[in-house]
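Please read these points with the model open beside you.

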Amino acid sequence: MELNEVTITKAIIERYYAKVLDSLENDVAIVGGGPSGLVAGYYLAKAGKRAVLFERKLSIGGGMWGGGMMFNEIVVQNAALPILEEFGIHWHEYAEDYYTSDAIEAVACLISKAVQAGLKIFNCITVEDIMMRADEIVGLVINWSPVEMAGLHVDPLTVRSSFIIDATGHATEVVKVVHKKVPGELRTPRGDIEGEKSMWADKAETLTLDNTREVFPGLYVAGMAANATFGGPRMGPIFGGMLLSGQKVANEIIERL
Ligand code: 48F
């Protein structure tokens, strides 16, 4: 049978639209497809929750692909080994409490397991704003990343969600929008974004978990966004905190759904 280009086109358009239409009302919408967002999405989907993830870039994986300075190995500490095991990521014991994994394998496994668990991932979509009712966030305002990149004046669309996770890494993009729209209302010591502090791996890894919490009604922060919001330091290419943060935020939200 001769392949028909129009059938190929229709297949893509119809299947994509079915996926989008199925993702307009969610339990949880995750912004950012780095390690913390992917792990959160995996555990939420595995628990049977309607979870969707929006990533600005073409590729999912955030800052994990490049390991440290493009040496594509990551370091993970003992506490996060069960998560590597859960995702089927091989690890190597380098020294006591220092384990390494291939960064490419790690990202590939996170994505694969998350999608297969039922997480809907949309790439090339940027979250540019939030939807609010009273004092609560109830959804996200989204647009194509190429529209944002080209600076085109095109109105966005909207998805609803009971909970939002800002997993945008150092940028804390969703928290920044909230801060701009309702200044001084964040559940941080000053009510504002406290700002990321300088490198301190040991402290940062612990604080990433402590800082993974609800920062505004309906909005959680996870991963590096949690530290940047609550004033924790950065940690460089050790990823245990990112993985554990994703798991923690998923568990906390699952309890509330
Ligand atoms: O930065 P990123 O990997 O976040 P993470 O899960 O992990 C941090 C580590 O990679 C590293 C570190 C490790 O120790 O410190 O930095 O906290 O992934 C964040 C993703 O969010 C996307 C961005 O493109 C990246 O892939 N992103 C950021 N803003 C938006 C967004 C937005 N407004 N809409 C959609 N995606």
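1. β7 (125-133) gives the largest share of the lining of the largest pocket, 3 residues. Strands are DSSP E runs of at least two residues and helices are H or I runs of at least four, numbered from the N terminus. A pocket is an open set of points on a 1 Å grid over the protein atoms alone, where a 1.4 Å probe fits, with protein on both sides within 12 Å along at least five of seven lines; lining residues have an atom within 4 Å of a point.

2. This is a predicted model: local features need pLDDT of at least 70, side-chain atom pairs count only at pLDDT 80 or more, and totals for chains, interfaces and linings use all residues. Residues are numbered from 1 along each chain as its sequence is written, and side-chain values use heavy atoms, without hydrogens or water.

3. The largest pocket has a volume of about 660 Å³, the space filled by probe spheres set on the grid points, which are joined across faces, edges and corners. Its lining has 32 residues, with Gly62, Gly63, Thr168, Gly169 and His170 nearest the centre. α2 and β7 are the elements that give two or more residues to this lining. By class, the lining has 13 nonpolar, 14 polar and 5 charged residues. Here Ala, Val, Leu, Ile, Met, Phe, Trp, Tyr, Cys and Pro count as nonpolar, Asp, Glu, Lys and Arg as charged, and the others, Gly among them, as polar.

4. Where does the ligand sit? The ligand is in the largest pocket; the test is more than half of its atoms within 2 Å of the pocket's grid points. Around the ligand are 27 residues (a heavy atom within 4 Å). Ser36, Glu55, Gly63, Met224 and Gly236 come nearest. The shell has 11 nonpolar, 12 polar and 4 charged residues.

5. Check the polar contacts (N or O pairs within 3.5 Å). A polar side-chain atom of Glu173 is 2.9 Å from a ligand nitrogen. A polar backbone atom of Val127 lies 3.0 Å from a nitrogen of the ligand. For His170, a side-chain N or O atom is 3.2 Å from a ligand oxygen. The protein covers 93% of the 730 Å² of accessible area that the ligand has on its own (Shrake-Rupley, 1.4 Å probe).

6. The second largest pocket has a volume of about 330 Å³. Of its 17 lining residues, Val20, Ile125, Ile142, Trp144 and Leu157 are closest to the centre. α1 (5-21), β8 (136-144) and β9 (157-166) each give two or more residues. α1 gives the most, with 4 residues. The lining divides into 13 nonpolar, 3 polar and 1 charged.

Terms used: A polar contact is a pair of N or O atoms within 3.5 Å; within protein, one must be able to donate a hydrogen and the other to accept it, and residues adjacent in sequence count only if both atoms are side-chain atoms.
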